[in-house]
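Here is a short note for a first reading of this model. Please keep the picture open while going through the points.

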Amino acid sequence: MAVPTQEQVLEALGTVNDPELNKDLVSLGMIKELRVDGGQVSVTVELTTPACPLKNLIKEDVEKAVRAVPGVEDVQIQMTARVRGAKAPAVELPGIKNIIAIGAGKGGVGKSTVAVLTAVGLARAGAKVGLLDADIYGPSIPKMLGIEDQQPFLVGENTIAPVEGPAGVKVISMGLLVDPGRPIIWRGPMIHNVLQQFLQQVEWGELDYLVIDLPPGTGDVPLSLAQSIPITGAVVVCTPQDVALADAVRALKMYQKLGVSILGIVENMSYFVCPNCTTRHEIFGHGGAERAAKELAVPFLGGIPINIHIRVAGDAGTPLTIYDQTDEATRLAVTEFVETLAGQVSRRNATEPAPQALGTQDDGPACGGHGH
Ligand code: ADP
């Protein structure tokens with residue numbers, strides 16, 4: 001019986017594509033270790049995110065391809081992950097590989113909830129995650145994470161450490177710094193300064209993903225952020241009704257105008273599954289966000305059901321329970337959304353130029369035609 005060679009196995013692995021990145025695993029540098037010992041093959045595949053939606057499919061494809069090489073008797077496959085950032089690391093924030101901004105056309109659609117689910121979901125999968133609450137006037141992240149009684153502490157003359165929330169997510173929010181009962185009355189330039197401090201004077205350390213909860217609408221904050229940091233991409237949260245969608249589309253177009261890639265649209269409160277009869281009720285209609293995504297040629301990241309447990313977990317500051325104590329349909333929908341988003345981040349990094357902060361470009365004013 002012929003003994004397979006390393007080259008033969010590598011050649012076989014070169015026929016396996018990462019469906020999301022649409023390239024083979026060998027050219028993508030995802031094959032990390034390959035040992036061929038007689039008929040025994042051991043291979044390590046390094047995914048571009050631990051929240052890879054296609055992990056099992058890729059593993060099956062690798063197994064099939066390797067087993068097809070004559071002489072192979074057994075295959076051991078280790079799946080690992082290392083999150084990749086843009087090709088050119090951002091000089092502004094060198095330790096942060098990806099920045100995901102979560103926005104919405106208006107308040108109340110579940111933007112902060114989605115930001116929390118994203119951060120906690122990615123961290124649960126094994127990624128290093130930060131969550132920056134840029135909703136300066138209405139910071140709800142500390143409460144949603146159950147850390148509103150904590151305070152960031154000074155770690156240097158001008159640096160503070162973020163507070164650690166569920167699943168080890170590092171968090172900074174105005175709500176952790178000021179008395180939540182006191183209104184914040186600040187103007188544009190002050191907001192810009194606070195955001196700068198949140199980015200530059202917080203000891204974020206190494207992060208695979210920094211999730212930013214933007215304020216609703218199209219105000220100063222997205223502009224300020226797009227000017228000062230390279231945003232990997234934005235997620236737009238909306239609900240299925242037409243009215244809400246129109247606002248979402250407006251926000252999405254503004255991000256595009258600012259040169260921010262769109263990672264996709266997610267439909268929150270998409271449907272309701274009756275806990276008694278398990279029938280799916282589409283309270284606000286159905287399919288609007290998916291249609292809008294298609295028309296705008298941006299990815300649709302899925303739908304998150306309206307679920308009493310999501311609301312309760314938001315009020316109680318226990319987001320992890322959404323992942324391990326809700327009904328299976330909700331759990332699956334949330335996990336699928338997080339994984340689809342992580343896949344879009346990997347795809348964006350592999351296919352588009354590195355993101356840039358508008359302020360570092362020398363091609364004119366902020367909205368000077370940088371849209372795609
Ligand atoms: P936004 O940030 O857009 O203003 P929030 O995330 O604060 O919205 O959500 C508003 C309210 O709706 C919160 O009480 C939250 O718990 C609840 N909520 C959000 N999404 C869902 C959902 N899918 N199911 C049930 N309640 C939700």
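**Notes on the sheet, its helices and the cysteines**

1. Three strands, in the order β3-β4-β5, make up an open sheet with mixed pairing. β3 (31-37) and β5 (74-81) are the edge strands; each has a single partner strand, so one side of each has no neighbour in the sheet. From one strand to the next, the twist averages 10 degrees. Strands (E, at least two residues) and helices (H or I, at least four) are DSSP runs, numbered from the N terminus. Two strands count as paired if DSSP finds at least two bridges between them.

2. This is a predicted model: local features need pLDDT of at least 70, side-chain atom pairs count only at pLDDT 80 or more, and totals for chains, interfaces and linings use all residues. Residues are numbered from 1 along each chain as its sequence is written, and side-chain values use heavy atoms, with hydrogens and water left out.

3. β3 and β4 (residues 40-47) run antiparallel and are joined by 6 bridges. Glu33 has Thr44 in β4 as its bridge partner.

4. Helix α1 (residues 6-13) lies across β3 and β4, at about 140 degrees to β3. Helix α2 (residues 55-67) packs on the sheet and touches β4 and β5, with its direction at about 150 degrees to that of β5. Contact means heavy atoms within 4.5 Å. Axes are lines fitted to C-alpha atoms, for helices over the stretch in contact, and angles run from 0 to 180 degrees between N-to-C directions.

5. How many disulfides (pairs of cysteine sulfur atoms within 2.5 Å) does a search of the whole structure find? The search finds 0. Cys52 counts as buried at 10% relative accessibility, and Cys238 is buried at 1%. Buried means under 20% relative accessible area, exposed over 50%, and partly exposed in between (1.4 Å probe, protein chains only).

Definitions and conventions: A disulfide is a pair of cysteine sulfur atoms within 2.5 Å.
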